[in-house]
Amino acid sequence: MTDGERTSSAFDSQALHQKYAAEKKKRLRGDGEGQYIDASGEFEAFSQDPFIKVPLQRDSVSKDIDVAVIGGGFGGLITAIKLRKAGINSFEIIDQAGDFGGTWYYNRYPGIRCDIESLIYLPYLEELGIKPKEHYAHGAEIYAHCQMLARHFDLYRQALLETKVTRISWDETLSRWIINTNRNDEIRARFITVSQGPLSKVKLPGIPGINKFIGKMFHSSRWDFDYTGGDSTGGLVNLGTKKVGIIGTGATAVQIIPIAADYAKHLYVFQRTPTAVDVRDNKPIDPEWFAELPNGWQKKRMDNFLAILSKVYQENDQVHDQWTDYWKRVVALGMDLKSKGSDEGPLAIMQRIDYAKMEELRTRIDETVNDRETAASLKPWYNYLCKRPLFSDNYLQAFNKPNVTLVDTDGVGVSEITEKGVVANGKEFDIDCLIFATGFDVAAAAYKVGGYDVIGRNGLSIDDKWSNNFQSVHGTQLNGFPNFHIVGGFYQGTTAFNFMHALDIQAEHAVDLIAKCVTGNIASMEVTQAAEEKWIAMMEEHHNAALNQYFEDCTPGFLNNEGDTESKPSFLGGNFGGGTIEYERIIRNWRQECIGTDTTTTQVNERR
Ligand code: NDP
C-alpha cells in the first residue's frame with residue numbers, strides 16, 4: 001500500500017465533520033483567552049522560581065557593550081554562540097532564571113521529554129561531537145546540553161543570571177539601548193536581541209475559588225520536588241499517601257500522568273478536551289550508526305525534516321517518525337490524486353489524511369484502554385494539528401491502573417476549586433495536591449512575555465506601536481526601534497514544529513545584521529515604515545487560506561485564540577504563510593541586499 005492509499009475508507013467523513021463541529025461548539029466560551037489569569041500579583045507564587053535555593057548576591061553593574069542578549073534559553077544561547085563565532089565578543093546575556101536553559105530550566109516535571117527528535121533539536125551536536133542518549137531526549141539531558149553549550153562557548157562569564165529586565169529604552173544621543181534591571185544594573189548596548197520564549201509566561205485557568213484551596217498546588221513548570229520527592233525521572237515517593245489532582249491533558253500533562261500514576265495514592269485527571277496521542281517508540285541511539293553519519297549530517301537532517309513538514313517531497317525520510325508520517329501521507333495522496341487528474345484542493349487532501357489519522361488514534365485508544373466508558377471519554381474529535389500532536393507509550397495505559405480516575409468534563413472544564421478540592425460535573429473531589437498543567441501564554445508577543453516596557457525612538461513603546469495593528473519586518477525588526485532584533489518572533493515571522501530551526505534562522509539573521517553594522521561602522525540601523533508596509537503586503541500575498549481555514553475550524557486552543565479568530569490573528573494565522581523555507585530564503589536575500597543600499601528598506605546612521 002502506498003502512503004497516499006493509507007487514507008482508509010472505513011469512516012464517514014460527513015458524520016465526522018458534523019461530530020467535530022458539535023464538539024467544537026461544546027468547547028467554545030464567550031471569554032476566549034480572557035478565561036486565563038496571569039501568575040502574578042495574588043498568584044505570583046505560581047511563577048516563582050523553586051530551583052534557586054540560595055539567591056545570588058552581587059553588586060549592580062554599569063557598562064557599555066555591543067550587544068545585550070535578553071533570554072538565556074535556546075534563542076539567547078544560539079544568538080550568543082553566533083555572536084562569538086562572528087567575532088563579536090562584547091555582549092552580555094540577561095535572564096531571570098538561575099541558569100541557562102529557558103523552558104528547559106523551568107520545566108523539570110516528572111517524565112519531561114522533547115517530542116522532536118534529539119538529533120535535530122539539540123544544537124551543535126555535530127560540531128561538538130555529541131551523541132544524545134535516545135532519539136527523544138529526556139528534559140534533564142536537554143537542560144544539561146544548554147549548560148554544556150554555555151560552558152563550551154564560555155558564556156557564563158558574560159551572563160547576568162537571576163536578573164530581571166525591568167525596562168529597555170533607546171537613547172538617541174548615545175545611539176544605544178539602556179537596559180535596566182531589578183538589580184539596579186544599567187547596561188548600555190548598541191544592539192539588543194530579545195528571546196523571551198513562547199513557553200515562559202505561566203498561564204492559570206481563572207477557575208472560581210482557585211485562591212481558596214488549602215492543600216498543596218503548583219504549576220507544572222515550577223514542580224515542587226520538596227513536596228513530591230523524586231526528580232524529573234520519577235521517584236515521587238511522597239505522593240504515596242496523597243490524593244493528587246491534575247488539571248489539563250495537554251503536551252505537559254501527557255508526560256506527567258504516567259509517572260504520577262506510578263506513585264500517587266490516587267490520581268484524578270481533570271479533562272476538558274481529550275488529547276490526540278500517537279505512538280512514541282523511543283529508542284537509544286546506536287553508537288555505531290551515529291559514528292558513521294556523514295559530514296554535515298545535522299543540518300541535512302534538520303532540513304530534511306523541515307522539508308517533509310513543509311510538504312516538499314523528499315526521496316528519504318531521515319527522521320522517520322509520526323510527524324513525518326502525517327506529512328508524507330498528505331504529499332503522497334496529493335501526488336496520487338494529481339496523477340489521476342483530480343483537482344482536489346490542498347485543504348481537502350489534508351482533511352482526508354487527517355480523518356484517517358485521527359480514526360487510527362481513536363482505534364488505538366479502544367485497543368489500549370480497558371474500561372469502555374473511559375476509552376470513549378479519551379477520544380479526541382478534532383483535526384490532528386488543532387493541538388500539538390502528542391506521542392506516548394504509557395499515557396493511555398495509565399488509565400488502566402486502579403488508582404487513576406479520569407474525570408471527563410465533556411468540554412466544560414473544572415467549575416470550581418474549594419478549600420478541600422476540585423468541583424467538576426457537580427461533584428467535589430477531595431485533593432491533597434493540585435497540579436496545574438495548564439500551559440503558557442504562548443500568544444503573548446515577545447515583549448509582553450518579559451513583562452517590561454520597551455521604549456523606542458521618540459518615547460514610543462512597543463505596546464503603543466502594536467495597540468491597533470501588529471507591524472514589523474519579518475516579525476523580527478520594527479520601525480521606531482533601531483538595532484532591535486527579536487529572535488523567536490512568530491507573529492509576522494515564522495515558527496516550526498522543530499522550533500530550534502526557526503530560532504536558528506532568526507538568530508543568524510540578527511547576528512549577520514549586527515555584524516554588518518559593527519564591521520561597517522554603522523551606529524544604527526532601523527527598518528522603515530515603508531519596509532513594514534511592504535512586508536505586510538508580502539504576508540498578504542503569501543496568505544495560506546487553506547491552513548487558516550484548517551485552524552479556524554479547530555477546537556479552541558492557544559493555536560486559534562481559543563476559537564476567536566475574528567479579533568486578532570491566531571498564533572499560526574499571524575505567521576508568514578509561505579512557510580519556513582521560503583521565509584528563510586526571503587530574509588537571507590533581504591539582508592544581503594538591504595543594508596545601506598536601499599533607503600526605502602532601512603535607515604542607516606554612520607557611527608559618530
Ligand atoms: P497546553 O496549553 O497545551 O494544555 C493546557 C491544558 O490545560 C489543556 O488540556 C487545557 O484544556 C487544560 N485546561 C485549561 N483550562 C482548563 C480548565 N478550566 N479546566 C480543565 N482543563 C483546563 O499546555 P501544556 O503545558 O501541556 O503545553 C504547552 C506547550 O508546551 C505545547 O503546546 C508544546 O508546544 C509545549 N510542550 C512541548 C513539549 C515537547 O516535547 N516539545 C512537551 C510539553 C510541552 P483544553 O484542551 O480544553 O484547552
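Reader: Which residue stands opposite I246 in strand 18?

Author: I246 has I435 of strand 18 opposite it. The model is predicted, so local features need pLDDT of at least 70 and side-chain atom pairs count only at pLDDT 80 or more, while totals for chains, interfaces and linings use all residues. Residues are numbered from 1 along each chain as its sequence is written, and side-chain values use heavy atoms, with hydrogens and water left out.

Reader: How many bridges pair strand 10 with strand 18?

Author: Strands (E, at least two residues) and helices (H or I, at least four) are DSSP runs numbered from the N terminus, and two strands pair if DSSP finds at least two bridges between them. Here strand 10 (residues 243-247) and strand 18 (residues 433-436) are parallel and share 4 bridges, with L434 as the bridge partner of G245. Strand 10 is also joined to strand 11 by 5 bridges, again in parallel, and V244 stands opposite L267 there.

Reader: What connects strand 10 to strand 11?

Author: A crossover is right-handed if, with the strands pointing away from the viewer, the path from the first strand over the helix to the second runs clockwise. In this structure the chain passes from strand 10 through helix 8 to strand 11 as a right-handed β-α-β crossover.

Reader: Is strand 10 enclosed or open, and why?

Author: Buried means under 20% relative accessible area (1.4 Å probe, protein chains only), exposed over 50%, and partly exposed in between. Because 4 of its 5 residues are buried, strand 10 is largely enclosed by the rest of the structure.
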